[in-house]
Amino acid sequence: ILQKTNMGRTLLDLHRENKRVLTAKQQTLIVHIIANEFEGMTIKSSEADFFSNEIVRLFPDEVKTMYYRVEKGKPQGKLHHRIKNQRAQDIKITKGDEPTICAPDLSNDELSLAVQMISPMVEIEDVDLTAKHKQWLKQHRDPWSMVTEKWDESYLRRRRDIKEFETPELMNEWPLLKHSKAPELISMDFEKLHAHKGELLLSRWENASVKLMDIFESDMKDKSCRDLLQKSKKGKVNDDQMNLYITLMLHGILKPERNSKTKPSIKESQSTMILEVESFSKMKDKLDEIRKNAIKNKTKVQPFLIIDKKCEKIAVYHDGIHYKASSFLDGLTLLFKIYQVFDLQYPTECHKVWGFIGLFFFDIDDNSHNSHSLAQKLIN
């Protein structure tokens with residue numbers, strides 16, 4: 001299928017020459033090319049699964065689950081969503097208007113640039129329409145297809161409200177943010193804000209974690225983090241526990257910096273991102289303590305992950321709301337999206353870790369951290 005199109009052939013040629021990990025835009029391009037090949041036809045889940053395997057065969061650094069996976073009995077992934085026409089912001093690439101980029105006078109760099117050049121459309125707000133949508137969304141919870149449609153079309157109004165209101169007021173203005181399906185809506189807004197980057201952490205984590213473990217082995221000096229490193233090698237940890245340990249150990253490499261008053265500890269850095277509790281039924285006291293400390297220190301309680309001792313339950317805490325997560329990485333991804341979508345500042349204790357996650361896993365550089373050296377180490 002890729003060989004049939006100029007863009008597909010160029011992608012294959014560039015990968016054979018450079019062996020680089022595909023960019024988010026190149027990944028999206030592959031999905032479009034496959035979907036357009038079967039335009040107007042019904043694609044079965046088994047076929048989406050097959051094509052995802054073929055993508056990984058051709059591009060070994062890719063992760064199949066980013067293109068197709070099944071979660072709780074429901075198909076997910078870039079390829080599945082594209083085939084189902086659920087990505088409203090995807091750029092349409094049709095057989096009739098596909099750009100030709102394989103002219104003989106183009107260099108490889110120019111070809112690479114052409115493959116990456118997929119420009120998002122600029123939206124202009126229809127103020128009356130977004131106001132009507134906002135009012136409708138205040139009063140309705142279903143049908144969900146209509147909710148997501150109006151949510152998508154009211155994005156620019158919501159961006160204005162995010163700049164105007166504090167989080168509690170914003171939750172009242174957009175009460176669906178308290179809904180159990182709010183993570184889907186937050187992901188939609190993140191997609192608008194950072195097109196095609198929402199699943200990058202999931203696609204990059206597996207390869208990056210191997211390199212991170214090597215870095216932890218050679219560079220880690222903090223005793224508690226080295227204890228975690230040894231614990232992770234015992235072979236009795238599940239995926240969520242391992243990913244938790246890796247995230248906690250990042251704080252031992254990207255240590256918190258001294259502020260005007262004090263230097264936070266590594267433990268404080270970890271606890272501002274992840275709250276570990278014995279069980280969810282016993283977390284109320286810990287949450288009350290966090291709120292009291294925030295009032296005492298005249299600070300805000302920033303969003304964080306909550307995870308029980310066995311990593312069986314995971315949630316994201318945001319202004320009194322608990323969003324359930326199906327896995328640690330899903331929770332970490334949602335937490336990052338919340339910081340981005342709601343324009344929140346990372347806690348000072350762990351802003352270097354968040355900066356690294358944004359830079360390396362999401363290609364988002366906010367220039368507010370000193371995490372480039374670790375990112376460069378992983379890239380090399």
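This is a predicted model: local features need pLDDT of at least 70, side-chain atom pairs count only at pLDDT 80 or more; totals for chains, interfaces and linings use all residues.
I started with the strand order. Four strands make an open sheet, running β3-β4-β5-β6, and the pairing is mixed. I found β3 (274-277) and β6 at the edges, each pairing on one side only.

**Who pairs with whom**
A reminder to myself: strands of a sheet pair through backbone hydrogen bonds, either parallel or antiparallel. Here β3 and β4 go parallel, with four bridges. L275 has I306 of β4 as its bridge partner. Next, β4 (residues 304-308) pairs with β5 in the antiparallel sense, over four bridges. I306 sits opposite A315 in β5. Then β5 and β6 (residues 321-325) run antiparallel, joined by five bridges. On that side, A315 stands opposite K324 in β6.

**The turns**
I checked both hairpins. Between β4 and β5 there are five residues, and C311 takes a positive phi near 60 degrees. Between β5 and β6 there are two residues, and D319 has a positive phi near 50 degrees.

**Strand β5**
Why do I call β5 largely enclosed? Five of the five residues of β5 (residues 314-318) are buried, so the rest of the structure largely encloses this strand. In a regular strand, side chains alternate between the two faces of the sheet. In β5, I see I314, V316 and H318 pointing one way and A315 and Y317 the other, and all are buried.

Definitions and conventions. Residues are numbered from 1 along each chain as its sequence is written. Side-chain values use heavy atoms; hydrogens and water are left out. Buried means under 20% relative accessible area, exposed over 50%, partly exposed in between (1.4 Å probe, protein chains only). Two strands pair if DSSP finds at least two bridges between them.
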